[in-house]
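Please consult the sequence and the model alongside the text.

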Amino acid sequence: MAEGKVLGIGGLFIRSADPARLAAWYRDHLGITATESGQPTPSGEWVWMQDAGPTVFAGFKADSDYWQGDRQVMLNLRVEGLEAILTSLAAAGIEHSHRESMDGVGDFARIVDCDGNPIELWEPA
């Protein structure tokens with residue numbers, strides 16, 4: 001094993017027919033400092049400074065039905081105030097599905113971004 005270590009996820013890159021629209025969707029609806037590749041946000045920011053905490057990095061079987069089969073990846077975002085976020089998203093016309101509560105783990109809800117990519121919102125227990 002190498003002597004260095006990975007410290008965390010350094011970026012998430014999503015292909016889109018309209019990357020500026022996709023970045024704006026994440027900024028407007030989830031408050032993430034999302035950018036179009038090679039461009040800062042309208043306020044001049046380049047990175048999203050996130051809060052430290054747990055990250056699950058897991059493989060799923062190719063035929064898993066946990067999210068839609070035409071998507072290889074699902075983004076899971078750790079949140080605080082899940083109900084408030086869902087209320088705000090609903091006001092913007094963004095519906096949620098797949099509500100689940102797991103003892104000792106937390107509460108989950110599923111949404112999709114403007115390109116149809118699945119996003120799981122997770123409020124840890």
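Q: In what order do the elements of the protein run from the N terminus on?
A: The model discussed here is predicted. The protein has two helices and four strands. Read from the N terminus on, their order is α-β-α-β-β-β.

Q: What percentage of the 125 residues in the protein is buried?
A: The C-alpha atoms fill a box of roughly 50 × 40 × 30 Å along the principal axes. The accessible surface comes to about 9,100 Å², and 53% of this surface belongs to carbon and sulfur atoms. Of the 125 residues, the buried share is 24%.

Q: Which element gives the largest share of the largest nonpolar core?
A: This core holds 17 residues, and those touching the most other members are Tyr26, Leu77, Ile111, Ile119 and Leu121. Two or more residues each are given by α1 (19–30), β1 (75–78), α2 (82–91), β3 (106–112) and β4 (118–124). The largest share, four residues, comes from α1.

Q: Which residues does Tyr26 touch, leaving aside those up to four places away in sequence?
A: Tyr26 is one of the core residues that touch the most other members. With residues up to four places away in sequence set aside, the contacts of Tyr26 are Ile14, Gly31, Ile32, Ala34, Leu75, Asp113 and Ile119.

Q: Why do the buried residues of α2 lie on the same side of the helix?
A: The buried residues in α2 are Leu82, Leu86 and Leu89. They are placed on the same side of α2 because the arc they cover around the axis is only 65°.

Q: Which exposed residues does α2 carry on the face turned away from its buried side?
A: The buried residues of α2 are covered by elements that include α1, β2 (97–102), β3 and β4. Just after α2, Gly93 takes a positive phi of about 85°. On the face of α2 turned away from the buried side, the exposed residues are Ala84, Thr87 and Ala91.

Q: Is Val47 buried or exposed?
A: Val47 is found in the loop between α1 and β1. Together with Trp46 and Met49, Val47 forms a nonpolar surface patch with about 390 Å² of accessible area. The relative accessibility of Val47 is 51%, and the cut-off is over 50%, so Val47 counts as exposed.

Q: What percentage of contacts between residues at least 6 apart in sequence joins residues at least 24 apart?
A: The contacts considered are those in the protein between residues at least 6 apart in sequence. Among these, the share that joins residues at least 24 apart is 48%.

Definitions and conventions. Residues are numbered from 1 along each chain as its sequence is written. This is a predicted model: local features need pLDDT of at least 70, side-chain atom pairs count only at pLDDT 80 or more; totals for chains, interfaces and linings use all residues. Side-chain values use heavy atoms; hydrogens and water are left out. A nonpolar core is a set of buried Ala, Val, Leu, Ile, Met, Phe, Trp, Tyr and Cys residues joined through side-chain atoms within 4.5 Å. Buried means under 20% relative accessible area, exposed over 50%, partly exposed in between (1.4 Å probe, protein chains only). Contact means heavy atoms within 4.5 Å. Patches are made of residues with over 30% relative accessible area and no salt bridge: like charges are joined within 9 Å, nonpolar side chains (Val, Leu, Ile, Met, Phe, Trp, Tyr) within 5 Å. Accessible areas come from the Shrake-Rupley method with a 1.4 Å probe; for residues, only the protein chains shown count as cover. A salt bridge is a side-chain nitrogen of Lys or Arg within 4 Å of a carboxyl oxygen of Asp or Glu. The arc is that of the directions from the helix axis to the C-beta atoms.
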